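Let's walk through the pockets of this model, then its salt bridges, and end with the stretches that a database record marks out.

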Amino acid sequence: MELYYNIVSPPCQSVLLVGKKLGITFDLKEVNPHLPEVREQLRKFNPQHTIPTFIEDGHVIWESYAIAIYLVEKYGNGDDALYPRDPKVRSVVNQRLFFDNGLMFKSAIEYVECILKKKLEPTEEMQQRLKKALGLLESFVKERAFVASDHLTIADICLLSSVTLLTGIKYDLATFPGITAWVARVTGELPDYGEFHKELYEKSMEYIKTL
């Protein structure tokens with residue numbers, strides 16, 4: 001199974017970490033999606049030419065949430081903990097995924113790109129959007145040990161990638177102690193996370209130098 005990815009991308013991080021948790025070995029294809037020739041290559045099987053793009057036996061999936069769900073449903077070996085079958089629990093997991101897609105990741109990437117790419121101070125509106133998203137996440141992880149249940153789910157892994165984006169620019173999370181404790185709980189459940197984070201940091205620093 002092929003995975004076109006770049007570890008600097010938070011959506012790619014989510015898929016890589018879900019794969020690690022499930023013990024999956026991908027045929028990794030590291031790419032730079034900003035290069036025209038790479039976009040052209042990806043367009044052959046993904047009309048949106050985005051990463052991550054996953055291919056297995058000719059079946060192509062893009063969008064990190066869709067890939068993560070597919071991996072758990074196919075390779076979870078009957079263990080549905082990461083994406084519970086119970087409709088009520090799953091509905092909360094789905095809500096947290098939609099929250100990440102619609103608010104948390106969007107506000108985090110907007111904030112970070114303003115600093116790193118535009119070399120500007122985030123506007124007051126950007127700052128407030130991000131604080132709102134973090135405040136909601138803080139409330140989720142104060143209700144229970146993990147964002148959607150009393151155990152790790154794919155929602156935790158996807159949201160972790162969004163928060164990691166902020167820690168990469170040393171965003172101060174001191175006013176969100178629940179999130180800080182939650183990050184420790186989540187990373188503690190992911191195999192070889194220290195090694196993964198080391199590679200992420202090194203590749204991120206390389207990428208930032210090109211901006």
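A helix here is a DSSP run of H or I at least four residues long, numbered from the N terminus. With that in hand, α1 and α8 each supply at least two residues to the lining of the second largest pocket. Keep in mind that this is a predicted model.

**The pockets**

About 240 Å³ of space lies in the second largest pocket. Its lining counts 13 residues, and those nearest the centre are Leu-16, Lys-20, Phe-26, Leu-28 and Phe-196. Sorted by class, that lining has seven nonpolar, three polar and three charged residues.

Now for the largest pocket, which holds about 1200 Å³ of space. Here 47 residues make up the lining, with Val-8, Ser-9, Pro-10, Ile-109 and Tyr-207 lying nearest the centre. Which helices supply at least two residues each to this lining? They are α1 (10–22), α3 (64–75), α4 (87–116), α6 (154–167) and α8 (193–209). The most comes from α8, which gives nine residues to the lining of the largest pocket. By class, the lining of the largest pocket splits into 20 nonpolar, 18 polar and nine charged residues.

| Pocket | Space | Lining residues |
|---|---|---|
| Largest pocket | About 1200 Å³ | 47 residues |
| Second largest pocket | About 240 Å³ | 13 residues |

**The salt bridges**

On to the charged side chains. Side chains of opposite charge can pair when their charged atoms come close. Searching the whole structure turns up 15 salt bridges.

One of them joins the side chains of Arg-129 and Glu-110, at 2.8 Å from N to O. Arg-129 sits in helix α5 (residues 124–143) and Glu-110 in helix α4, so this pair ties together parts that are 19 residues apart in sequence. Are these two partners buried, partly exposed or exposed? Arg-129 counts as partly exposed, at 29% relative accessibility. Glu-110 counts as partly exposed too, at 27%. The cut-offs behind that label are simple: buried means under 20% relative accessible area, and exposed means over 50%.

Glu-202 pairs with Lys-198, with the closest N and O atoms 2.8 Å apart. These two are four residues apart in helix α8, which means that about one helical turn separates Glu-202 from Lys-198. Glu-202 has a relative accessible area of 39%, so it is partly exposed.

The side chains of Glu-199 and Lys-203 also meet in a salt bridge, at 3.5 Å from N to O. Glu-199 and Lys-203 are again four residues apart in helix α8, so about one helical turn lies between them. Glu-199 is partly exposed at 31% relative accessibility, and Lys-203 is partly exposed with a relative accessible area of 23%.

**The annotated stretches**

UniProt, in an unreviewed entry, places "domain: GST N-terminal" at residues 1–79. That span is 42% helix and 20% strand, and its end C-alpha atoms lie 21 Å apart. For "domain: GST C-terminal", also from an unreviewed entry, UniProt lists residues 86–211. How much helix and strand does the chain have over residues 86–211? The chain there is 74% helix and 0% strand, with the end C-alpha atoms 45 Å apart.

Val-89 is found in helix α4 and is partly exposed, with a relative accessible area of 27%. Val-89 and Ala-148 are 59 residues apart along the chain, and their C-alpha atoms are separated by 7.3 Å. Val-92 is found in helix α4 as well, and is partly exposed with a relative accessible area of 22%. From Val-92 to Val-163 there are 71 residues in sequence and 19 Å in space, C-alpha to C-alpha.

Conventions: Residues numbered from 1 in each chain as written. Predicted model: local features only at pLDDT ≥ 70, side-chain atom pairs only at ≥ 80, totals over all residues. Heavy atoms only, no water. 1 Å grid on protein atoms, 1.4 Å probe; cavity = no way out; pocket = protein on both sides within 12 Å on 5 of 7 lines; lining within 4 Å. Points joined across faces, edges and corners; volume = space filled by probe spheres on them. Nonpolar A, V, L, I, M, F, W, Y, C, P; charged D, E, K, R; others polar. Salt bridge = Lys/Arg side-chain N within 4 Å of Asp/Glu carboxyl O. Buried < 20%, exposed > 50% of the residue type's maximum accessible area, 1.4 Å probe, protein only. UniProt positions renumbered as here; feature names shortened; annotations may be inferred.
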